[in-house]
Amino acid sequence: MKGIDIGKVHIDWLGHAGFRLRGDNLVVYIDPYEVGGYIDYEDQADVLLITHEHFDHCSPQDIQKVRKSTATTLIPSNCSLQFRGDARRIEAGDVLRDELAIKGLNIEVVAAYNIGKSFHPPGEGVGYVVDLEGLRIYHSGDTDLIDEMSVIEADVVLLPIGGNYTMDEKQAAEAVSCIGPAYVIPMHYGSVEGTDADVNLFKTLVEKRSKAKVIILENNTDS
């Protein structure tokens, strides 16, 4: 399965930590990386969310490929790259809602960081909770299991399970129990060195601990 409809939102996994979220009138990309094939205009980004500056999350060539000229791009405040067009610096704790919403999309910027390892120190990257077509979708960014997850409310969570740079399968399953979503889609495994994971182990652990449905998507970079 390359993509799935949940409510009125179609979710495609683009590989690694990249996702495309399509509502009725809005297309949102998160961390596009190594996006294959040609992207039709109607499938290009109205809103583009970048979690941090690492090459496999903030890829200039992929950003250029997927974004419309009218797109709004959100980037962490400490990102050194400069972006053309409507690019806005954000940090964890920002709430872009109501009159601050981006093209009508309510967005919460949340913390993302490692504990006990130096790949992603606090303050370097972020995660996002977006409210698209009434569906709250949480993309955690590159993170471990952190205390801030206890206050996140989401219907769908997109969580890394690769270990090494992020949570592993066990920690990610704990995060699902902490947040309590209806659906969870694993990411950040199987493509970049150091992100090996057992997605079936993750599914088993989640099903033992929560009522969340685990959705395992195929890499959609050739679409």
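Student: What volume does the largest pocket have?
Tutor: The volume of the largest pocket is about 230 Å³. A pocket is found on a 1 Å grid over the protein atoms alone, as an open set of points where a 1.4 Å probe fits, with protein on both sides within 12 Å along at least five of seven lines. Points are joined across faces, edges and corners, and the volume is the space filled by probe spheres set on them.

Student: What kind of model is this, and how are residues numbered?
Tutor: This is a predicted model, in which local features need pLDDT of at least 70 and side-chain atom pairs count only at pLDDT 80 or more, while totals for chains, interfaces and linings use all residues. Residues are numbered from 1 along each chain as its sequence is written, and side-chain values use heavy atoms, with hydrogens and water left out.

Student: Which residues line the largest pocket?
Tutor: The lining is made of Pro60, Ile63, Gln64, Arg67, Thr73, Leu81, Gln82, Phe83 and Arg84, where a lining residue has an atom within 4 Å of a point. Two or more of these residues come from each of α1 and β6 (67-76). Helices (H or I, at least four residues) and strands (E, at least two) are DSSP runs, numbered from the N terminus.

Student: Which element gives the most to that lining?
Tutor: That is α1, with 3 residues. By type, the lining has 4 nonpolar, 3 polar and 2 charged residues. Here Ala, Val, Leu, Ile, Met, Phe, Trp, Tyr, Cys and Pro count as nonpolar, Asp, Glu, Lys and Arg as charged, and the others, Gly among them, as polar.

Student: Changing topic, why is strand β2 said to be largely enclosed?
Tutor: Strand β2 (residues 9-15) is largely enclosed by the rest of the structure because 6 of its 7 residues are buried. Buried means under 20% relative accessible area, exposed over 50%, and partly exposed in between (1.4 Å probe, protein chains only).

Student: In what sense does β2 pair with β1?
Tutor: Strand β1 (residues 3-6) and β2 pair in the antiparallel sense over 4 bridges; two strands pair if DSSP finds at least two bridges between them. In this pairing Asp5 faces His10 of β2. The two strands form a hairpin with 2 residues between them, and Gly7 in the turn has a positive phi of about 60°.

Student: And how many bridges join β2 and β3?
Tutor: β2 and strand β3 (residues 18-22) are antiparallel partners over 5 bridges, and Trp13 has Phe19 in β3 as its bridge partner.

Student: Where is Asp144 placed, and is it buried or exposed?
Tutor: Asp144 sits in the loop between β11 (135-139) and β12 (156-160). Asp144 counts as buried, because its relative accessibility is 3%.

Student: What does its side chain reach?
Tutor: A polar atom of the Asp144 side chain lies 2.7 Å from the backbone nitrogen of Ile115.

Notes:
Polar contact = N/O pair within 3.5 Å; in protein donor to acceptor, adjacent residues only side chain to side chain.
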